[in-house]
Amino acid sequence: MLDRGSLGKFLRRHREGLTPERAGLPAREPGRTPGLRREEVAALAAVSVTYYERLEQGRGPRPSGAVLAAIAGALRLSGDEEAHLFRLAGHAPPPRSGAQPDPLDPGLAYLLKAVSDTTPAFVTDELGTVLAQNWLNVTLFGRFAGLPGLEANLVWHWFTSPAWRDKLDPPENQEQTGFAYVADLRAVRARQHPDGPAAALVAALHAASAEFRAMWRQQAVSMLHCSTKVVHDERVGRIDLDCSIVLGAAGRQRMLMLQPVPGTPSAERIAALAAPVPAPVVDPHKRDVVDDRSPA
């Protein structure tokens, strides 16, 4: 059951207790009221200010799971806090990506930072949950590392966010990429406990995507492979990227490097995306900056 009053109080308490710095916003001037403003939370969650205000006031329609996940990310809620938010809104909590995840592989973390001037790259666990991104990857694709629940999972986004995957892959490549995700997930599920995090992700995808259900019935099994990507960025135009996968020492984490295709203007267009202050590499276990470098 939706508990509007408790939901509003819960949101307000966490908004007022979250510092701008913790949310990735500029620090307040001394003497200003601590915590975030409603309009700042609304902007971070990509909802209207009026909509968010009504939630805090115990009014308006019941928020969807996608909206709740976005607000949980904006307020930097923990997994338990996010689950409580969902229950207050009358939803089942989203499947968790697993128990306490492994620390970021130090070798992959080093390589991630080393290629950040030229190569968008990110590290995922074996389920496709993004653990860290270099600043160039964030600049090109947006932030995923540190988001709550399934919002950080690329397989979930692939099958539930058509607009996102249209930006990442041309239509003629999408079926191949989808099958690659499904076949790899089936292989991971076979290695885990029957009730493990892979099974929870499969169940969530079954409930959300008819396309996933159809591909899952094909029974394909293989390790993940990554094809050439064609990204259409509204700021610089078409970017052609070759994809390489590097496994961590324990084999449970992967780094995907998206290298500009030689003979195309992609390298110059990636360089043009560089911002004055790059986005950070994020360690989701601490949700802290682990790479605060500035571009040359």
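**Exercise 1.** Explain why helices α10 and α11 count as oblique to each other.

*Solution.* Helix α10 covers residues 171-191 and helix α11 residues 197-208; helices are DSSP runs of H or I with at least four residues, numbered from the N terminus. Their axes lie 9 Å apart at an angle of about 140 degrees, with axes fitted to C-alpha atoms over the stretch in contact and angles running from 0 to 180 degrees between N-to-C directions. Under 35 degrees counts as roughly parallel, over 145 as roughly antiparallel, 65 to 115 as roughly perpendicular and the rest as oblique. The pair is therefore oblique.

The model is predicted: local features need pLDDT of at least 70, side-chain atom pairs 80 or more, while totals for chains, interfaces and linings use all residues. Residues are numbered from 1 along each chain as its sequence is written, and side-chain values use heavy atoms, without hydrogens and water.

**Exercise 2.** State which residues make the contact of α10 with α11.

*Solution.* From α10 come Leu185, Val188 and Arg189. Helix α11 supplies Ala198, Ala199, Leu201, Val202 and Leu205 (contact: heavy atoms within 4.5 Å).

**Exercise 3.** Classify the ring pair of Phe159 and Phe212.

*Solution.* Rings of Phe, Tyr and Trp (its six-membered ring) pair if their centres lie within 6.5 Å; planes under 30 degrees apart are stacked, over 60 edge-to-face and the rest tilted. Here the centres are 5.4 Å apart and the planes at 80 degrees, so the pair is edge-to-face. Phe159 sits in helix α8 and Phe212 in helix α12, 53 residues apart. Ring pairs join Phe159, Phe212 and Trp216 into a cluster.

Definitions and conventions:
Helix = DSSP H or I, 4+ residues; strand = E, 2+ residues; numbered from the N terminus.
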